[in-house]
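Dear colleague,

I am handing over the structure we spoke about, with the sequence alongside. Please have it open while you read the notes that follow.

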Amino acid sequence: MSGGEQKPKRYYVGVDVGTGSVRAALVDQSGVLLAFADHPIEKWEPQFNHHEQSSEDIWAACCVVTKKVVQGIDLNQIRGLGFDATCSLVVLDKQFHPLPVNHEGDSCRNVIMWLDHRAVSQVNRINETKHSVLQYVGGVMSVEMQAPKLLWLKENLRETCWDKAGHFFDLPDFLSWKATGVTARSLCSLVCKWTYSAEKGWDDSFWKMVGLEDFVADNYSKIGNQVLPPGASLGNGLTPEAARDLGLLPGIAVAASLIDAHAGGLGVIGADVRGHGLVCEGQPVTSRLAVICGTSSCHMGISKDPIFVPGVWGPYFSAMVPGFWLNEGGQSVTGKLIDHMVQGHAAFPELQAKATARCQSIYAYLNSHLDLIKKAQPVGFLTVDLHVWPDFHGNRSPLADLTLKGMVTGLTLSQDLDDLAILYLATVQAIALGTRFIIEAMEAAGHSISTLFLCGGLSKNPLFVQMHADITGMPVVLSQEVESVLVGAAILGACASGDFASVQTDSCVFKTNTCKWPVESCDYSPFL
């Protein structure tokens, strides 16, 4: 190659399907995010605890955002595409058409969302079996996993859905099928949400015991009998039809997918922390806990050997980082809880008006208001008389009790803006205390955690980050690239393209996603 001739740049597209929107990013071979787009997706709640979406609406949103991020780019330079998504359940018939997951018979609504809690009776019966597969989900299966949702469909929508169903996909796997026509499932989704074992495969006795022997009879064809590791290249890449939909070229490598939290964990847990004086600089990656915090919060810790943590999901082998066991703690609807507490307060209209007048978000305004009223004491001590128990949607970890409810103690007759700001602070602290509770359970079982790595929407809130540092007593690291979930999805595409040998190879330049800044923890023992 002549001196003035440069090697053409290589690009990768990551697509992330969250609870309320689809986001896409164009990422270059140096791990730099060059373009970003998002688009809302519809949600339905036909009755309490029933949450549904449309797979066709989600795919259409994927097409909108992907076309936006590749505008002006030579499509021949786009080498790979990776998807991540919430672990929602997509139901299709034998011809891959949507089937209704509701009593109304609306086939447009063919997705049972991850946060759906309709299958309480079913999950209780599954847990009463005490089957051995339950030891890999903390001893108790969550209502948010797929087996109870499948059993609910069989028992409640036999004629309109169950008997007609040809394919049950985890949403990340639906997206990779839509892009490639390949029905292979990702090891990540099947291991984490469907009771599959990376070492032993499906356990026939479990499905027979819980009343879902149908899957055993057809050799698991409806839920996946071809399983690939995340980042593996699928089929012949992007189909011509999908390429037209997405605004890309046919044949681009498409990767086996990840659940959204796992993509965030992959995007942040390997960050380069050299030069910041952090204790984890000289420690193995197993000393890091990735906390992916958005609509809900997920706590991802990895280990070389399996660690069983009561009330914490896993251990799952190679479900996020190849060759490592994963434990996943979680708090349901943390971001949604903060919105719920703030928007339901009498002073919310006043907050909206004042934040708008300052051209600020409501949370930026609340954070500055807390600084105004804290006086000489640390801001955290404003809640000395007000406390929130945050399990408004049950406790995922480590109590694993979906019947738990939320609570606020210390309320007064005050309904002014100060009162709203302090209630907001108490809610953020409650979530941070929940994270500490999960860490303590993981460490008691054998994990050794020294540093938190945060990503996701809530990690952009300085108060949320600071409270996690203060309450856990650990430094918190944020990545230079704030969209770590999208970087994780792009890493999958880069791996599928063959440009990098694996998602964790030393030559993978995405590992240079350096830390932005550490938040040093302060002594919070008087408060606790």
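**The largest pocket**

The largest pocket holds about 1,100 Å³ of space, and please keep in mind throughout that this is a predicted model. Its lining is made up of 46 residues, of which Thr-19, Gly-294, Thr-295, Ser-296 and Gly-457 are the closest to the centre of the pocket. Sorted by class, the lining has 17 nonpolar, 16 polar and 13 charged residues.

As for where in the chain this lining comes from, at least two residues each are supplied by strand S2 (21–28), helix H9 (260–269), strand S13 (288–293), helix H10 (334–343) and helix H15 (484–497). Helix H10 gives the most to the lining of the largest pocket, with six residues.

**The annotated domain**

The UniProt record, an unreviewed entry, places the feature "domain: Carbohydrate kinase FGGY C-terminal" at residues 289–496.

**Aromatic contacts**

The structure holds 17 aromatic pairs. One of them joins Phe-168 and Phe-215 in an edge-to-face arrangement, with 5.9 Å from centre to centre and 80° between the planes. This pair links distant parts of the chain, since Phe-168 belongs to strand S8 (residues 165–170) and Phe-215 to helix H7 (residues 214–217), 47 residues apart.

Another pair, Phe-169 with Trp-177, is stacked, at 5.8 Å centre to centre and with 25° between the planes; both Phe-169 and Trp-177 are buried.

Phe-168 and Phe-215 also belong to one aromatic cluster, which they form together with Trp-162, Tyr-196, Trp-202, Phe-206, Trp-207 and Tyr-220.

**Charges over rings**

Two contacts between a charged side chain and a ring may also interest you. Arg-118 lies over the face of Trp-152, at 4.6 Å from the ring centre, while Lys-304 lies over the face of Phe-324, at 4.7 Å from the ring centre. Lys-304 and Phe-324 fall within the residues 289–496 that UniProt gives for the domain described above.

With best wishes

Technical notes
Residues are numbered from 1 along each chain as its sequence is written. This is a predicted model: local features need pLDDT of at least 70, side-chain atom pairs count only at pLDDT 80 or more; totals for chains, interfaces and linings use all residues. Side-chain values use heavy atoms; hydrogens and water are left out. On a 1 Å grid over the protein atoms alone, a cavity is a set of points where a 1.4 Å probe fits but cannot get out, and a pocket is an open set with protein on both sides within 12 Å along at least five of seven lines; lining residues have an atom within 4 Å of a point. Grid points are joined across faces, edges and corners, and a volume is the space filled by probe spheres set on the points. Helices (H or I, at least four residues) and strands (E, at least two) are DSSP runs, numbered from the N terminus. Ala, Val, Leu, Ile, Met, Phe, Trp, Tyr, Cys and Pro count as nonpolar, Asp, Glu, Lys and Arg as charged, and the others, Gly among them, as polar. UniProt positions are given in the numbering used here, feature names are shortened, and annotations may be inferred rather than shown by experiment. Rings of Phe, Tyr and Trp (its six-membered ring) pair if their centres lie within 6.5 Å; planes under 30 degrees apart count as stacked, over 60 as edge-to-face and the rest as tilted. Buried means under 20% relative accessible area, exposed over 50%, partly exposed in between (1.4 Å probe, protein chains only). A charge sits over a ring if NZ of Lys or CZ of Arg is within 6 Å of the ring centre and within 35 degrees of the ring normal.
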